[in-house]
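Morning, everyone. Let me put this one up on the screen, and then I'll talk you through a few parts of it.

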Amino acid sequence: MTASIIEQLPAEANAVNKMDEKSTQALPTETHLSWAQRWHEIRPYLIFALQSFMIQFLSGMNDSNLGIILPSMKAHYGLSQYVVSVIFLCNTAGYMFAAVMNGYLIRYFSQSKTALIGACSMIIGFLVNLFAVPFPVMCVFMTTIGFGIALTQAASNVVCGEMPYGTLMLSFLHAFYAAGGLIGPLMASGLLSSQKPWNTSYMVLCGLAGANAISIFICFRKLRTGSEMELDAEKEHMIQQQISPSAVTVAVKQDEESLDVKAEQKSQNLLAQAFKYRITAVGALFLLFYTGTEVTIGNWGFTYLISTRSTDTVAMAHIMSGYWAGICAGRLFLGFATTRFGEKRTVYGYLAMIVAMMMLLWFVPYIGANATALVITGIMLGPIFPTMITIAHQIVPTRLYATSVGFLSAFASAGTALFPYATGVLIGSEGVESMLPFCVAISTVMLITWFFIPDPRPPTKASAKLKTWIAHIRGGGHQ
């Protein structure tokens, strides 16, 4: 339920948020409300939203910064393309570990404490990297950065997904990731052009990570996700049913302990239960390719441009900022259209356009055309991630939502490292020109995977008639 992420809210907000956002009938209702009405309902959740926005902004800065400093890092350590790409593989290890551990950490601690663990892990990784430690040591601590980013991003997705108008809030949330991606190249290229060493950007990221950890501790103190509050309510209900008013204090304590054990046993298989819903497994695979495409372009696009288009590093960094600005714009302005015309059909259009723009970037060697293709690619990529989280929110039950979305988010984060690593290895063996064919390939796989994502909306009259007609033909064939 939308009111589930806050322990205590004004009565007025609680009354509004009784509506179940998983109902597909709620979607048209959002589109008929004014911005003032939406603000009135979202305002009680503002502190949670702002903290989630900060998490995504910092994650975006980290991802886009790495792509700009990578050539300088390679030169500093005297590494080959193969070896420097190990950085991405280490990030992948952290993301995958977080995908497995996220549900357990939430169960044994809480969602807020899990986010704080992630924030502290990021601080440790940034702090070590800003000293330009030996490359093997840096790779180890890249794992802690990946682990921390995955945990905090999962928390921010759960929090905003459970708010009123989850589609709108998720669009704003991921727009802040893209905004961080926009700032990252500008920051990194500005520092490098000022003759600052590549690790100076980690000083900035470490400071922001410290502020992020403090604000998580303050802002998420009263955070309770839907699954946490549902489990609390279930335990309280069981206590009321099973304990008589005349029970002595010792008996009450024993019964409460037994109920805690039962509740914990029930929650042990949360991830397995979440996998019973196709959106968890197929959605994770789709987001793996999605984030792989998004961040491969963001990380290696700069290297591709300065190697094949122009040696003006500042201008090429600005073009990459245009790509991230496109993602930000897509998340801000295409979320409404995606909801209005249906998630399945609109995302098909976005994915087809992404493949087309990658082909344009590949075959047309002109800076203006390439810059335009990158911006349009960013715009089309923008609304896809929040759309996937919205679909999961409509399909997965409340008690499994945090586990399912946490896995989706953490598994998706692995794509931000796994595919850039594969791209680095490919560039090392085949040259930088091999990057775009690889991006076209994974974009095409993403388009195919989308076919298997369940549609949360009821079938239209035309599709229902088509299914009936197909069923009738099959039935006739067996007679």
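So, which element of the protein chain has the lowest mean pLDDT, and which the highest? Helix α1, residues 11–16, is lowest at 37, and helix α10, residues 200–219, is highest at 93. pLDDT is the predictor's confidence in each residue, from 0 to 100, and helices are DSSP runs of H or I, at least four residues, numbered from the N terminus. Over residues 6–31 the pLDDT is below 50, yet that stretch has 56 contacts in the model beyond near neighbours in sequence; contact means heavy atoms within 4.5 Å.

Ground rules: this is a predicted model, local features need pLDDT of at least 70, side-chain atom pairs count only at 80 or more, and totals for chains, interfaces and linings use all residues. Residues are numbered from 1 along each chain as its sequence is written, and side-chain values use heavy atoms, with hydrogens and water left out.

Now helix α8, residues 135–161. Of its 27 residues, 21 are buried, so the helix is largely enclosed by the rest of the structure. Buried is under 20% relative accessible area, exposed over 50%, partly exposed in between, with a 1.4 Å probe and protein chains only.

Ile 87 touches Phe 135, Met 138, Cys 139 and Met 142, among others, leaving aside residues up to four places away in sequence.

Last stop, Phe 57, in helix α4, residues 46–77. Phe 57 is partly exposed, at 26% relative accessible area. Its C-alpha is 5.0 Å from that of Phe 176, 119 residues apart along the chain.

Key
Helices (H or I, at least four residues) and strands (E, at least two) are DSSP runs, numbered from the N terminus.
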